[in-house]
Amino acid sequence: MSDSQRFPVAAHALAYLAHKGAFDAAHAAPSAVLAASVPTNPVVIRRVTALLAKAGLIATRPGASGGSWLLMRPEQITLDVVLKAVNGCAHLGSAPAGAKGCPVGEHIPRQVGKVLTLADRAASEALSRITIADLLAENAPALAGVAVHGTCTEVIRAAALLPA
């Protein structure tokens, strides 16, 4: 699974666990059930749930009677914590090394690195205001007025930065 898919899969899995009331081992959701909801392969779910468990957001039990359950209420789990648990940061890429001896090549990687830091901080700040409970709410105030994400071109056009 690509890094870019870990966060959406993790958020989906956590929301599913909250929706199903999986707050203890007796109500654990098996990886196959979580995978059917996403939809993805159970192996993908097990990789993501291992990261979420390592971060202390869920507990897991292996085996035929195994599964995952939440260790916190959905209102307490903010999406910045989920992102850090599975990706570490927003993963907008990294600046290329740049060519030695080129005034642009030696300067731009440092500047692009700063821009990536700013973008990661902005993503973390925005995600810190949204919880798993917000994902389940029909009209969550934290998501009011926000359009569904499309392709980058659609997002830029919606922001009136590209002609229609």
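Okay, let's start with helix α4, which is mostly covered: 6 of its 8 residues are buried. Which ones are they? The buried residues of α4 are L79, D80, V82, L83, A85 and V86. Before I go on, please keep in mind that this is a predicted model. And if you follow the chain just past the end of α4, you come to G88, which takes a positive phi of about 90°.

The chain has 7 helices and 2 strands. Reading from the N terminus, the order of the elements is α-α-α-β-β-α-α-α-α. There are 164 residues in the chain, and 30% of them count as buried. What about contacts between residues at least 6 apart in sequence? Of those, 59% join residues that are at least 24 apart.

Now back to α4 and its partner, α3. These two helices pack with their axes 8 Å apart, at an angle of about 115°. How are they oriented to each other, then? α3 and α4 are roughly perpendicular, because an angle from 65 to 115 degrees gets that name. As for the handedness, α3 passes α4 in a right-handed crossing.

So who actually meets whom? On the α3 side you'll find V48, L51 and L52, and on the α4 side V82, A85 and V86. Sorted by class, this contact has 6 nonpolar residues, no polar ones and no charged ones.

Leaving out residues up to four places away in sequence, L52 touches A10, L14, L57, I58, V82, A85 and V86.

Is L34 buried or exposed? Its relative accessibility is 1%, so L34 counts as buried; the cut-off for buried is under 20%. What does L34 touch, not counting residues up to four places away in sequence? The list is A13, Y16, L17, A29, I45, T49 and S68. Take L17 from that list: L34 and L17 are 17 residues apart in sequence, and their C-alpha atoms are 8.3 Å apart in space.

Last stop, A95. You'll find A95 in the loop between α4 and α5 (103-127). With a relative accessible area of 27%, A95 is partly exposed. Again skipping residues up to four places away in sequence, A95 touches P109, V112, G113 and L116. One of those, V112, is 17 residues from A95 along the chain, with 5.8 Å between their C-alpha atoms.

Technical notes. Residues numbered from 1 in each chain as written. Predicted model: local features only at pLDDT ≥ 70, side-chain atom pairs only at ≥ 80, totals over all residues. Heavy atoms only, no water. Contact = heavy atoms within 4.5 Å. Axes fitted to C-alpha atoms, helices over the stretch in contact; angles between N-to-C directions. Helix = DSSP H or I, 4+ residues; strand = E, 2+ residues; numbered from the N terminus. Parallel < 35°, antiparallel > 145°, perpendicular 65-115°, else oblique. Left-handed = near helix turned anticlockwise from the far one by under 90°. Nonpolar A, V, L, I, M, F, W, Y, C, P; charged D, E, K, R; others polar. Buried < 20%, exposed > 50% of the residue type's maximum accessible area, 1.4 Å probe, protein only.
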